[in-house]
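Subject: Structure for you, with notes

Hi,

Here is the structure I promised.

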Amino acid sequence: MAAPLLIRGGTCVNEDRAFRADVFCENGTIAAVGENLSVPEGTETIDATGKYVLPGGIDTHTHMQLPFMGTQAADDFYAGTRAALAGGTTMILDFVLPNKGESLLSAYEKWRGWADPKVCCDYSFHVGVTWWSDEVGKEMEVLCRDKGVNSFKLFMAYKDVYMVNDKEMYHAFCKIKELKALAQVHAENGDVIAEKSKEMNDLGITGPEGHEMCRPEEVEGEATNRAIVLANQVNCPLYVVHVMSRCAADVICAARRRGCVVFGEPIAASLGVDGSHYWHKCWRHAAGYVMGPPLRPDTTTPGYLMDLLANGDLQLTGTDNCTFNGNQKALGKDDFRKIPNGVNGVEDRMSVVWEKGVHSGKMDACRFVSVTSTTAAKIFNMYPQKGVIRVGSDADLVVWDGEATRVISSKTHHHAVDFNIFEGLECHGVPLVTITRGKIAYNKGKLDVVRGWGRFIPRSVDAPFVYSRVRQRDTIPRYVKVDREPYTGPVIQLD
Ligand code: URQ
Ligand code: ZN
Ligand code: ZN
């Protein structure tokens, strides 16, 4: 347990208001918020005068040490959560991704065994539904009832690896709705990708540019729309992960305007950089940006997604942090289909969103808190334990300097990877102190993390933020039969 901690002189920022107050933390939670607080002997004090005090960032989408495409992501649960704390993020939501045919429950226990001894900050798991059977449905019930899972990811891409077809996805959505959980989707048309990537190779296009050309943004947009339609047919709330394109974003915005319960998650990568890097002459550089769905060559994409995030058409940010070193990316040096997909983000998300969102004038500090922390806590049913500066909430906090700048580089980042997609980007918005459950883990450039300090945060189903509208909609009879006299006219005889 950490010593009592007083954060003095700062401006606290919640999603609804910014206000001058000191924050006193004790036993891992926020014990008092106000001015002239009386604190016990032995209290450690942090001077936050002239700075912001924010709820710790929540990264909704990471893949630490993911076994993938024949190798394993370089950031493990230790290095990844350590990097998160260095960037002002105090919780990650990672993914249990069972192989096809593998028990979801045993995959969950396996992933817990990987994460629990290593995490330096709190975390939780979404679970992938990578195949379908009645047994999978039963295990989903157990995961919701006993294991604190309330979100399940379906893949429409990665054919033969994670991809399910529309019928399987429909059944999974029915089960997710029955459980009052949240459906997540990786929205790309995996069949088109499989065919077009073969065509690319037949044309001799084996470099990273082929990775984007075989899955242009309309392939993401089409699948996004299809997932929204299937979920809406079941009245199941849907969360579209890693929104990477204008096309997919427009589909989500249109669906929201017509009343669908759908949430869109752009990521640090799609908000901070674009896909022109796939045409870079240096193979290693170009391969470093390979992820799925890909970044888009349309250089207006990051600004467009940030506009939608700032105005509420898109809801929150993750990173899809799934990092691979140059020698791992080189598995695909002769065939882009073999380049392990994934990029960094967990350390730089907060600064990238502040630079592109707040410093650009598109959003204020309250909206910044909403899209980096509070909305995630509400959607995944961890609010107000997480995502807010309030008495009784977990003492996950960041002292934030909105004016200071830092230049992002793989030479100075805390990831266990030799590449950074934001290399050279100068960002306003720098974490000064990161506090995880009342413990100072990062202070003015120095990390002081504890392996295994983080806890798994169980999440119950039926999140009000997600289900209140769905529940209301369920009270309206959707299908009513017509009472009519039976037909008594002629009927054709078929031979
Ligand atoms: O698709 C995902 O989210 C995982 C497999 C990470 N890789 C990626 O390129 N997005
Ligand atoms: Zn994905
Ligand atoms: Zn992912």
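Please keep in mind that this is a predicted model.

First, the residue. D396 sits in the loop between α14 (365-379) and β17 (397-407). Is D396 buried or exposed? Its relative accessibility is 6%, and buried means under 20%, so D396 counts as buried. The side chain of D396 makes a polar contact of 2.6 Å with the side chain of K386. Leaving aside residues up to four places away in sequence, D396 touches L54, P55, G56, T90, D122, K386, I435, T436 and R437.

Now the pockets. The largest has a volume of about 460 Å³. Its lining comprises 18 residues, and M69, Y158, K159, I193 and R337 lie nearest the centre. Which helix gives the most to this lining? Helix α5 (residues 190-202) does, with five residues. By type, the lining of the largest pocket has nine nonpolar, four polar and five charged residues.

The second largest pocket has a volume of about 180 Å³. It is lined by 14 residues; closest to its centre are K159, M163, V164, N165 and D191. Note K159: that residue is also listed among those nearest the centre of the largest pocket. Both α4 (166-178) and α5 supply at least two residues each to the lining of the second largest pocket. The largest share, three residues, is from α4. By type, this lining splits into four nonpolar, three polar and seven charged residues.

Best wishes

Conventions. Residues are numbered from 1 along each chain as its sequence is written. Chains are lettered from A and ligands numbered from 1 in the order in which they are written. This is a predicted model: local features need pLDDT of at least 70, side-chain atom pairs count only at pLDDT 80 or more; totals for chains, interfaces and linings use all residues. Side-chain values use heavy atoms; hydrogens and water are left out. On a 1 Å grid over the protein atoms alone, a cavity is a set of points where a 1.4 Å probe fits but cannot get out, and a pocket is an open set with protein on both sides within 12 Å along at least five of seven lines; lining residues have an atom within 4 Å of a point. Grid points are joined across faces, edges and corners, and a volume is the space filled by probe spheres set on the points. Helices (H or I, at least four residues) and strands (E, at least two) are DSSP runs, numbered from the N terminus. Ala, Val, Leu, Ile, Met, Phe, Trp, Tyr, Cys and Pro count as nonpolar, Asp, Glu, Lys and Arg as charged, and the others, Gly among them, as polar. Buried means under 20% relative accessible area, exposed over 50%, partly exposed in between (1.4 Å probe, protein chains only). A polar contact is a pair of N or O atoms within 3.5 Å; within protein, one must be able to donate a hydrogen and the other to accept it, and residues adjacent in sequence count only if both atoms are side-chain atoms. Contact means heavy atoms within 4.5 Å.
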